[in-house]
Amino acid sequence: TDDGPILREAWFAAHGPTLPSPIRAPYLGAGVDGDEFGILMPDLTGVLFDWEAPISVEDLDRILGGLAEFHGYPWSLPGVLESAPWCPIPERLTLICRASLERPGAARDAVGERILPGWDAFDRRVPSEVRELIHSLGEDPRPLVDALATLPSTLIHGDLKLANVGIEPGGTIDLVDWQMVMVAPVAVELGWFLVSNVASLPFPPDDVLTRYHAATVNQGVAEELTVAGWQAQTDAAILVGLVLRGWRKGADAEAGLTLASGVSAADDLAWWYERALVAAGRIL
């Protein structure tokens, strides 16, 4: 993701902006020695969630409420988001798509053998027009990037799987692993949050989106994040989610799994690809 020569997370640990309560990046410090970086953090054993275990409705609503505060914070203040090594959107979207894993490189070497069978399963389980849509966006994400560019942006974590989230006894929400922190529409955050946490989320995607939307309204964050363009944000989130992790949805469907929400993985995949076709027709 164009991470370097100064590693993005080390930079964020040392120089990142102050985050609004209740969100905290629990870094104690960072240092550099040549081309090596070190980050000092507290022990978060027992605080961070297990992303393979279901979470309670109460914890989900706390997290969504914290995200509403974080996403709605006035980052547009002069100098806050300028000249920083944010993760670029195209590289984030295509990090583990089929095209990235089939070409020689670090992604293929690291996870190609594990993830490509999932993309094969995805291809077997979805209609041809969905297969063509998602793989074409992986090969050339510009149509989706252009659609995202029409939406309001904010600071997002970029890798919001629940293994990177914890709730302190006092209510503070710890977020770790900011290596893909970026300025982007909330659709990018929400798309990944929905697809990466299916083993934990107690509700299907529509309900999670509704609860996030309610949190943004209840907490009075910027209007453009809660009313104007919400349909476009959710449409983009669906496409982002499938481009990022359609492989896992295909694998789960073929394995016959039932998700934490109680929905079968096969029905969940059908929901995603049906929504993706509608979303593409509206925003691409």
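Helices here are DSSP runs of at least four residues, numbered from the N terminus. One of them, helix H10, covers residues 230–255 and contains Asp-235. The model is predicted.

Start with that residue. Asp-235 has a relative accessible area of 1%. Buried means under 20%, so Asp-235 counts as buried. What does Asp-235 touch, leaving aside its neighbours within four places in sequence? Its contacts there are Arg-275, Ala-279, Arg-282 and Ile-283.

Now step back to the whole chain. It holds 11 helices and 7 strands. Its radius of gyration is 18 Å, close to the 19 Å that the globule rule gives for 284 residues, so the chain is as compact as a globular protein of that length. Along the principal axes, the C-alpha trace spans about 50 × 45 × 40 Å. Of the 284 residues, 50% count as buried.

Charged side chains number 19 positive and 40 negative. The centres of these two sets lie 6 Å apart.

Three further helices show how burial looks up close. Take helix H1 first, at residues 8–15. H1 is mostly covered, with 6 of its 8 residues buried. Those residues are Arg-8, Glu-9, Ala-10, Trp-11, Phe-12 and Ala-13. They pack against two strands, E2 (29–33) and E3 (36–40).

Helix H2 runs over residues 57–71 and has 15 residues. From first C-alpha to last it reaches 21 Å, close to the 21 Å expected at 1.5 Å a residue. Its buried residues include Asp-59, Leu-60, Ile-63 and Leu-64. Gly-65, Gly-66, Leu-67 and Ala-68 are also buried, as are Phe-70 and His-71. What covers the buried residues of H2? The cover includes strands E1 (23–24), E4 (154–156), E5 (165–167) and E6 (173–175). Helices H8 (186–196) and H9 (205–218) are also part of that cover.

Notes
Residues numbered from 1 in each chain as written. Predicted model: local features only at pLDDT ≥ 70, side-chain atom pairs only at ≥ 80, totals over all residues. Heavy atoms only, no water. Expected span 1.5 Å × (residues − 1). Buried < 20%, exposed > 50% of the residue type's maximum accessible area, 1.4 Å probe, protein only. Contact = heavy atoms within 4.5 Å. Rg over C-alpha atoms; globule rule 2.2 N^0.38 Å. Lys, Arg positive; Asp, Glu negative; His and termini not counted. Charge placed at Lys NZ, Arg CZ, Asp CG, Glu CD.
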